[in-house]
Amino acid sequence: MKTIKLLLLAVLFIGFASCDDDDDIQLIEVSSETVVNLHATYSGGINQQTGMSTPISGEFTKYNFATGMTTTSTTEWDIAFRGLDIIINGGTSSGLTDEPARTGVGAAYIASMPFANVTDVDTSLFVEDSATGFAIDSWYDYDPIARLISATAGKTLVIKTNDGKYAKVRIISYYKDAPATPDAFMDESRYYTFDFVYQPNDGVLTF
Amino acid sequence: MITKQFLSFLFSFFFYITFSYSQEVQVAVKDSTNVEQLNEVIVSATRTIRQLSSLPLPAQIVAKKEIESTNTLRLNDILNEQTGLTTVSDFGGGEGIQIQGLDSQYTLILVDGVPLVGRSAGTLDLSRITVGNIKQIEIVKGPSSSLYGSEALGGVVNIITDTPKNGFKGNLNYRIGTFNTHDIGASLSHKKDKLAINAFINRYSSDGYDLIKTDDFNTVEPFSNYTISTKVNYQFNKGTNLLVSGRYYTQNQNSVPSSNLNGETDTDEWNAHAKLRHRYNEKWSSYFEFYATRYKAKETLESQNNPLFSDSFYNQFLIRPEIRATYKPNKKSSFIGGIGYNHETLDRTDFNVKPEFNSPYVYAQYDGNPTEKINLIVGARFDAHSEYKSQFSPKVALRYEVNDKIALKSSVGYGFKAPDFRQLYFEFSNPGQSYIVLGYNVLFEDGELKPENSIGINIGADYKASSTLTFNINIFRNNINDLIEDYLIENQDLPIQFQNNSINTFSYRNVNNVYTQGFEINGKLKVNNQLKITGGYQYLIARDKDAETKFENGEIFARIGNSADFQLKKSDYFGLANRSKHIANMKVFYTIPKWNLDTNIRGTYRSKYGLSDTNNSQGYLDKYDNLIDGYTIIDFAINKKLHTNYTLGFGIDNLLDFTDTQNINNIAGRLLYGKLNIKF
């Protein structure tokens, strides 16, 4: 009886100890990064001389949160930018010219909270890109008089990456070098500056 | 809240007053008669001749005397000095007037009772109008669509031009000032027996000015313009007369929108107005009126390698016949009724169609005194329209004379502004930003875009403290609904043939509900025949109701620079753009008869305001935005009569040399001028 108890204790101990061992496998730390002047240009649009419009074309600028770099890979990308359009690597193409095919399990939603306050991912809110629209659609406000695009304060993009991890993004500016008071007539547009936090650990829903 | 600027405004003002008039103020002799004030009559409020002081509506008059003694040149300058009115410049460069916090596009501008057209970007540029031939300017505040139809939400500004007086008279006027600004005017008038005729010509030119020297273009480019007008009145017999008048305005201005583009802008406008009046008897009179006007603007631009870079034009035409009748059954009451037809066309760049508006209308009004102490006005107008829903605009106004000193007045009215041609038919594409703007009717079914409309309530009191001191106060509230704004349409909401994923499409919709409320106080002190002091103040709150809700619910965030976003509180909401909470003016007019000298000093103050959202808070203004500091403008003028026919004048506008080069483009700094006037 005593030995059995001892054995049980030993088993429990080993069990707990091994549990401790599991905890000792350190999670990769998350850190905040800033991407400056991600160029998201295109060609086409409206011809200044004729006023005729042609479909916008050109490669989307793709970004991979895990590497923290832009990429030309057709599969290993999480989010991509062209002009004001932001797409994610999940769902289906909306049919734009030169729009990349979705190969991953990506999804996204916009949280109406400041960046720092988004500490948890709410997986029930995720939507994918589709033929009727993009998961990330209303990230900016447009001032028709100043002709200015400004990223709406208090909105945080929560992204599911192409391989099912999570990231949160705060867009800072649409203008080159993110001037504090941009001028739509002077500053070059289609340059994204954004902060992001990437959660590299599988299945972890916090930042 | 009295801000620092306001204190400095008061201080500097009283400094000038004491400095200039310290001796004279002491000899304040009571003046028993106040003829000038009693004689002031106004036609705009009721479309009949009414004594201003007995009117149940908030209204004011700027008399020729004030225009002359302040040496004002253009309409915007003189209106900006009136209580509750603020000149605001739109992004197209036009200067309009804000009344009770309503935007300039909601104020109807009339000349002798008929409207001016030509609002290419919404604002009717008041600097188009010379004040050289103006008898008086009438301002009626609050919705007045019951008499005037569209555009009269905030109020009506009616410019009454000179009428010929007996005999042969002439007037020559020349003013020269800073920036090589010249204003030359001449008028001739003749009246004998049945025929009265006058003619007026004005030339106004300036080299313009440049507030930001580092860029390649001027703030205001050089321009010159001419105004020619004439009026002929023929009195067939005691009861019948025919009045015919015409006006022509033309302006040429350089246009340099960017460093590699230049060209010029030409504006041409004419108005023709005929009015046949017949009095049948003591009770009945009728008017047959015909009015036509055309406003044309044209801009041509060339770049270094393209002599025909762009060529844009705007050509609006309005024709309006109207018949009206007045009926006065007795001394206590009068009726007026009218029926008319508006036909309007517009041809402009960025329109694929040449739209036409047709709008018959009918109106009626009762103005009576059921008892000696009560004056009641009840009126309504019905506007049918070819392009939008018919509008019914009622108005009621009541004045109660408590005693000799105090009278109470109140009015409630409806005002509307029809969707303009641009909001219905625009087909504009912007090359740089790759978006297009399409008018509502281009995309959707006609008639579904509603007119912007408002209900305005005014409650006030007149107080006559003595024969020399009067006050009035007016509390107002305007609820404005269905404001039209442009918005980005989701692709799937567009009709199939317009769906295009590559371009952002903007159109117009009824969305915002806003309100303006506040109060206005005016005081007038006539110390004696030599010294008159007037002052006015307006307190204003102008807010968007949706914004209030969003701020309250904590849905609005802001960021300063690239710092962390933070939530805004309800109290952080700053209200609508370009509205100042406090505006004030003070004017001192002083005459020294023995020297034939009259002089005046006028100050206007407006408190802090915002122009646009600068901290990413969904387009709404909050107290953390880059707001524009309040400011004070002080003007000074002195005129001396030599003999009876010659007047020499000198003045300084913007004495304190205020400028805000970054934010305010219509204030050029200190302006000096000299003036010569010859009357014969």
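The model is a predicted one, and every value below was computed from it. Chain A has 207 residues and holds 1 helix and 13 strands, whereas chain B has 680 residues, with 8 helices and 37 strands.

**Chain A as a whole**

- Following the sequence of chain A, the elements come in the order α-β-β-β-β-β-β-β-β-β-β-β-β-β, in keeping with a count of 1 helix and 13 strands.
- Buried residues make up 44% of the 207 residues in chain A, and the accessible surface of the chain is about 10600 Å², with 56% of that area belonging to carbon and sulfur atoms.

**Chain B as a whole**

- Chain B has a radius of gyration of 25 Å, which agrees with the value near 26 Å that a compact globule of 680 residues would have.
- Taken along the principal axes, the box filled by the C-alpha atoms of chain B is roughly 75 × 60 × 55 Å.
- In chain B, 52% of the 680 residues count as buried, while the chain exposes about 30000 Å², of which carbon and sulfur atoms supply 56%.
- Of the contacts in chain B with a separation of 6 or more, 63% are between residues 24 or more positions apart.
- The side chains of chain B include 71 positive and 72 negative ones, and the centres of these two sets are 12 Å apart.

**Nonpolar cores**

- In soluble globular proteins, nonpolar side chains tend to be buried together.
- The largest nonpolar core has 53 residues, and the members that touch the most others are Phe65(A), Trp139(A), Ile159(A), Tyr192(A) and Phe194(A).
- Strand β12 of chain A, which covers residues 166–175, gives the most to this core, contributing 5 residues.
- Leaving aside residues up to four places away in sequence, Phe65(A) touches a set of residues that includes Ile159(A), Val169(A), Phe194(A) and Phe196(A), and its contacts also include Asp78(A) and Thr161(A).
- Another core, of 20 residues, lies apart from the largest one, and among its members are Ile78(B), Leu79(B), Val111(B) and Leu124(B).

**Loop residues with positive phi in chain B**

- Most residues other than glycine have a negative phi, and the next two residues can be read against that background.
- Asp350(B) has a phi near 75°, a positive value in a residue that is not glycine, and it lies in the loop between β18 (333–348) and β19 (356–371) of chain B.
- Because its relative accessible area is 27%, Asp350(B) is partly exposed.
- Asn578(B) likewise has a positive phi, of about 65°, although it is not a glycine, and its place is in the loop between β31 (573–575) and β32 (582–592) of chain B.
- Asn578(B) has a relative accessibility of 14% and therefore counts as buried, since the cut-off for buried is under 20%.

**A buried loop residue in chain B**

- Asn528(B) is in the loop of chain B between β27 (504–526) and β28 (531–544), and with a relative accessibility of 6% it counts as buried.
- Although Asn528(B) and Tyr590(B) are 62 residues apart along the chain, their C-alpha atoms are separated by 9.6 Å.

Notes: Residues are numbered from 1 along each chain as its sequence is written. Chains are lettered from A and ligands numbered from 1 in the order in which they are written. This is a predicted model: local features need pLDDT of at least 70, side-chain atom pairs count only at pLDDT 80 or more; totals for chains, interfaces and linings use all residues. Side-chain values use heavy atoms; hydrogens and water are left out. Helices (H or I, at least four residues) and strands (E, at least two) are DSSP runs, numbered from the N terminus. Buried means under 20% relative accessible area, exposed over 50%, partly exposed in between (1.4 Å probe, protein chains only). The radius of gyration is taken over C-alpha atoms; the globule rule is 2.2 Å times the number of residues to the power 0.38. Contact means heavy atoms within 4.5 Å. Accessible areas come from the Shrake-Rupley method with a 1.4 Å probe; for residues, only the protein chains shown count as cover. Lys and Arg count as positive and Asp and Glu as negative; His and the chain ends are not counted. The place of a charge is taken as NZ of Lys, CZ of Arg, CG of Asp or CD of Glu. A nonpolar core is a set of buried Ala, Val, Leu, Ile, Met, Phe, Trp, Tyr and Cys residues joined through side-chain atoms within 4.5 Å.
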